[in-house]
Amino acid sequence: MKKRAAPNRAKQNLLWVILLALLCVGAVELAACSFFAPAVYEQITAPVRRSAQAAAQAGGRAASAACQASEEAHRLVSRRIAAVGVQTAVLWSRLTAPKEESLPEEDIQLADDPVLTGGAPVADPAVTELNIIDGQEILTGGAIPIVYFNQGSETWAEQPYGTDDIGRYGCGPTAMAMVVNSMTGADTDPLQMAQLAVSLGHWAKRGGSYLSVVEGLAAEAGLAVTSLRERTPDALMQPLLNGDLVVALMGPGHFTKSGHFIVLRGVTLSGKILVADPNSQERSLIEWEPELILEELSRSTAHGAPLWIISQPAAQNLE
């Protein structure tokens with residue numbers, strides 16, 4: 001067996017040598033052919049080149065398809081991550097956002113009919129009346145002429161106060177529009193005041209206004225605000241006799257069933273109080289007993305409630 005195996009290995013080695021020689025000769029001849037007979041060289045190698053190009057193109061297309069698939073997968077993953085990120089941010093904001101503070105029930109302002117009617121005489125036109133001057137309604141006879149706005153008029157009723165409307169919930173901005181317009185001459189109105197109140201955080205959803213609305217809007221207009229703590233007729237009338245205005249938060253009674261901002265604007269010779277009611281022109285032309293006003297005030301004392309004296313800053317008074 002050993003003597004027979006040696007010739008076989010010799011034959012195999014010889015075969016490999018012959019093949020290698022043929023390859024070398026072929027390569028040399030091919031190289032020589034490319035130099036001496038380029039046309040023949042082209043004919044011989046063209047099929048090989050076409051096969052190689054086809055393989056390369058196929059590989060390129062496969063690689064491109066793979067890249068596109070990878071890019072699409074990346075985009076899908078990115079969109080999914082972004083969506084999850086947005087959802088997470090929304091959820092986080094909901095979890096961490098401060099909860100809206102609800103107004104106490106007695107402070108909620110909603111335009112409605114009063115609990116009580118009557119109880120005060122209609123003022124004599126010689127004392128106070130509603131005039132139209134340059135297209136604007138003006139209440140006369142008080143400490144100063146009052147530019148009058150009614151929250152329930154067609155002009156303002158459907159205008160927005162946050163997600164509510166001025167007609168039902170806007171007595172605060174409407175009262176302050178009368179105060180600011182009358183005391184400063186600023187060309188403002190209930191809608192502008194409502195928008196300002198919202199931007200400053202004084203709007204209370206389905207509740208009207210937080211009681212900070214008086215101090216906040218007065219300060220924005222450059223007016224001074226002082227809480228009136230003494231509950232006597234003389235204390236109530238004194239700032240009005242001094243030429244100031246008083247904003248009052250009323251409770252159930254002759255002005256509302258819930259809560260309601262009105263403006264106290266003057267004192268008659270008989271010692272009655274004149275008001276500007278943003279929800280009633282009729283009540284704005286009635287003489288009110290100071291005792292009745294004090295009796296029907298809201299019980300709230302937050303942010304200086306229920307009575308705020310609005311006056312010009314001291315520097316302006318000196319001028």
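1. In this predicted model, helix 7 spans residues 233-241, and A235, L236, M237, P239 and L240 within helix 7 are buried. After helix 7 comes G243, a residue with a positive phi, near 95°.

2. The sheet that contains several of these partners is open and is built from 5 strands in the order 8-12-9-10-11, with antiparallel pairing. Strand 8 (224-227) and strand 11 are the edge strands, each pairing on one side only. From one strand to the next, the twist averages 30°.

3. Within this sheet, the pairing of strand 10 with strand 11 is antiparallel and extends over 4 bridges.

4. Helix 4 (residues 171-184) touches strand 9, strand 10, strand 11 and strand 12, and its direction makes about 30° with that of strand 10. Helix 7 likewise packs on the sheet, with strand 9, strand 10, strand 11 and strand 12 as the strands touched; the direction of helix 7 makes about 70° with that of strand 10.

5. Helix 4 also meets helix 6 (residues 213-220): the two axes come within 10 Å and cross at roughly 35°. The crossing of helix 4 and helix 6 is right-handed. From helix 4, the residues involved are P173, M176 and V180, and they meet V213, V214, L217 and A218 of helix 6. By class, this contact comprises 7 nonpolar residues, with no polar and no charged ones.

6. Which arrangement do strand 1 and strand 2 form, and how many residues lie between them? They form a hairpin with 2 residues between them, and D134 in the turn has a positive phi of about 55°. Strand 1 (residues 130-133) and strand 2 (residues 136-139) run antiparallel and are joined by 4 bridges. In this pairing, I132 stands opposite E137 in strand 2.

7. The structure holds 3 aromatic pairs. One of them is formed by F149 and W156, an edge-to-face pair with 6.0 Å centre to centre and 85° between the planes. F149 counts as buried because its relative accessibility is 6%, under the 20% cut-off. W156 also counts as buried, at 13% relative accessibility.

8. F255 and W288 form another aromatic pair, in this case tilted, with 4.6 Å centre to centre and 40° between the planes. F255 lies in the loop between strand 9 and strand 10, and W288 in the loop between strand 11 and helix 8, so the pair ties together parts that are 33 residues apart in sequence. Are the two partners buried or exposed? F255 counts as buried, at 1% relative accessibility, and W288 counts as buried, at 2%.

Definitions and conventions
Residues are numbered from 1 along each chain as its sequence is written. This is a predicted model: local features need pLDDT of at least 70, side-chain atom pairs count only at pLDDT 80 or more; totals for chains, interfaces and linings use all residues. Side-chain values use heavy atoms; hydrogens and water are left out. Two strands pair if DSSP finds at least two bridges between them. Buried means under 20% relative accessible area, exposed over 50%, partly exposed in between (1.4 Å probe, protein chains only). Axes are lines fitted to C-alpha atoms, for helices over the stretch in contact, and angles run from 0 to 180 degrees between N-to-C directions. Contact means heavy atoms within 4.5 Å. Rings of Phe, Tyr and Trp (its six-membered ring) pair if their centres lie within 6.5 Å; planes under 30 degrees apart count as stacked, over 60 as edge-to-face and the rest as tilted. A crossing is left-handed if the near helix is turned anticlockwise from the far one by less than a right angle, and right-handed if clockwise. Ala, Val, Leu, Ile, Met, Phe, Trp, Tyr, Cys and Pro count as nonpolar, Asp, Glu, Lys and Arg as charged, and the others, Gly among them, as polar.
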